[in-house]
Amino acid sequence: MNNKKGILTAIFLLLFFIHAPGYAQTLMYVPFDNRPVSYEYVVDTVKKGGFDILVPPEDSLAARTRSANPDQLWEWVFAHAKEADGVVVSADALIYGGLVASRTHEISEEVLLERVANFQKLKELNPSVRLYVFSTIMRSPHASSGGVEPAYYETYGPAIFRIHALQDKSEMEKLSKKEKKELETLNAQVPKDIMEDWVNRREKNFKANLQLVSAAKQNIFNYLLIGRDDCSPLSRSHQESRWLGKETADLSASKYSSFPGADQLGMLMLTRAVNDLTFTIPTVSVIYTQGAGNKTIPSYEDTPVGKNVRDHLFAAGFVPLLSDKVADMILAVNTPVDGWTREAGMESNKTKASKETVAFVKQIESYLNAGRKVAVADISFANGSDNAFMKEMTDSKLASQLESYSGWNTASNTIGYTIGQAAFAQRMAASDKNNLIAVRLLDDWAYQANVRSDLMNEVLIPQGINNVQLNEMRPTLTQDATKRIQNFAQQNLSEFPLEKVEVSFPWNRMFEVDVKAQ
């Protein structure tokens, strides 16, 4: 009997030390595509956190002008899965060839479902594999341009969006006579073949997600996360999320979640994988700026931010606490006082702070002075940082004391990124942690909230240049953006002594940049 106890103890200790935080574990990661927020920034975070990471060759991932080959990606996954302690993969990449391809593909339902079945095959070949999968409900933007939707969406997108917003509403409450007339008028405006193309693709994607849900119910995945990219309180995405909710009602929150956003999903699942592998369950207390706070429903989303933050924390393997007394970390969410998340590039994004912003920064400062760990999700504006908030933070030299900072694109993108980078920051040197924060400040604050709109107004618009096809202007804009961002850093980021800043436009459009800082 004692001998058996000794063997069990030895096995337990072996497992403990194998999964201890200091052990160099390996993660496999297949991102949506090769955009910096999907690929480079995520991989850099994981490596700085002390983990090895296996990723497909960059030229095999989706790019601006190409989709990935899902069958080749699956070959790579099958070949390398046994080398990883945790496998984190984008279903959109492995089923359609990327996030954009999920909206534009011409793939048969049969082929799509065969690719979904590969997840079960992977589990059968590697029964012990820890598998974390993220997928998306096909987005429903108000409008779109630049080749990230079918070409007809530039013309008919607003009508298609409104038609399905009204259909979504009709399932929850009666439409008024005026709304019924509007729906009839809009349906007459969109050619039948175009509407059929858009709806048929959505139906195929929805069926693929249903198959993923079925796999989750069979315990093929350790976790399944389905995001809602560019959704609104009334939209086809919101409608499909309600339909999906009926199919997932019996799935445990420890196995499945769905919430707004897409580009943060890979970071979140890598974070959960690491928390699982290291037996870590961080606790977090969440604070908001005075005003609408957790009741805010941000632009491009359909969920109050309070629920969204909790869902993100649970998905990443954190536990939110009501009290800040014993929490491992404070998540400070900068929300607009009136609950309206305007665009960061608008003139309303001023540098003069309101009394609510000043009070919120003082609250963050008090936590930092008390030796508490603080991460910041800056969602007061969409698509960039809050200038007033960040000026208060940097004037008080607080930014470099944070665990992480994020303020880009949608609120969910920001929330997921700052949670993930804060988790990995616990395992990295202070210099690496601050390098990640500096990159986010240069991208989210310098570029997204300031330089991007300046370049648009001063360079692109006067010359009639399309902001989603930079083409021959790309080298000039790269030099100009680099110089402006460097100047911004010299004026505002004295906390972060940077020797070199490099900027590029990897997808040949203004919407995102790739920032490297040393």
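**Figure 1. The largest pocket lies between domain 1 and domain 3 of the predicted model.** Because domain 1 (22-151 + 192-280) and domain 3 (281-517) both give residues to its lining, the largest pocket lies between them. Domain bounds come from an automatic or database domain assignment. The space in this pocket is about 910 Å³. Its lining comprises 39 residues, of which Arg-139, Asp-230, Asn-383, Asn-409 and Phe-511 are the closest to the centre. On a 1 Å grid over the protein atoms alone, a pocket is an open set of points with protein on both sides within 12 Å along at least five of seven lines, whereas a cavity is a set of points where a 1.4 Å probe fits but cannot get out; lining residues have an atom within 4 Å of a point. Grid points are joined across faces, edges and corners, and a volume is the space filled by probe spheres set on the points. The model is predicted, so local features need pLDDT of at least 70 and side-chain atom pairs count only at pLDDT 80 or more, while totals for chains, interfaces and linings use all residues. Residues are numbered from 1 along each chain as its sequence is written, and side-chain values use heavy atoms, with hydrogens and water left out.

**Figure 2. Composition of the pocket lining.** The lining of the largest pocket has 15 nonpolar, 13 polar and 11 charged residues. Here Ala, Val, Leu, Ile, Met, Phe, Trp, Tyr, Cys and Pro count as nonpolar, Asp, Glu, Lys and Arg as charged, and the others, Gly among them, as polar. Helix H16 (residues 430-463) gives the most to this lining, with four residues. Helices (H or I, at least four residues) and strands (E, at least two) are DSSP runs, numbered from the N terminus.

**Figure 3. The largest cavity.** Four cavities of 30 Å³ or more are present in the structure. The largest cavity has a volume of about 120 Å³. Among its 14 lining residues, Val-37, Trp-408, Gln-448, Phe-511 and Glu-512 are the closest to the centre. The lining of the largest cavity divides into four nonpolar, three polar and seven charged residues. Domain 1 and domain 3 each supply at least three residues to the lining of the largest cavity.

Figure 4. Val-89 belongs to strand E3 (residues 86-90). Val-89 is buried, with a relative accessible area of 1%; buried means under 20% relative accessible area (1.4 Å probe, protein chains only). Not counting residues up to four places away in sequence, Val-89 touches Val-30, Leu-94, Phe-119, Leu-131, Tyr-132, Val-133 and Phe-134. Contact means heavy atoms within 4.5 Å.

Figure 5. E3 and E4 pair in the parallel sense over four bridges, and Val-87 stands opposite Leu-131 in E4. Two strands pair if DSSP finds at least two bridges between them. Seven of the seven residues of strand E4 (residues 131-137) are buried, so E4 is largely enclosed by the rest of the structure. Six bridges join E4 to strand E5 (residues 223-228), in the parallel sense. Val-133 stands opposite Leu-224, and Ser-135 has Ile-226 as its bridge partner. In E5, six of six residues are buried. E5 also runs parallel to strand E6 (residues 256-260), joined by five bridges, with Arg-228 partnered by Pro-260.

Terms used: Buried means under 20% relative accessible area, exposed over 50%, partly exposed in between (1.4 Å probe, protein chains only).
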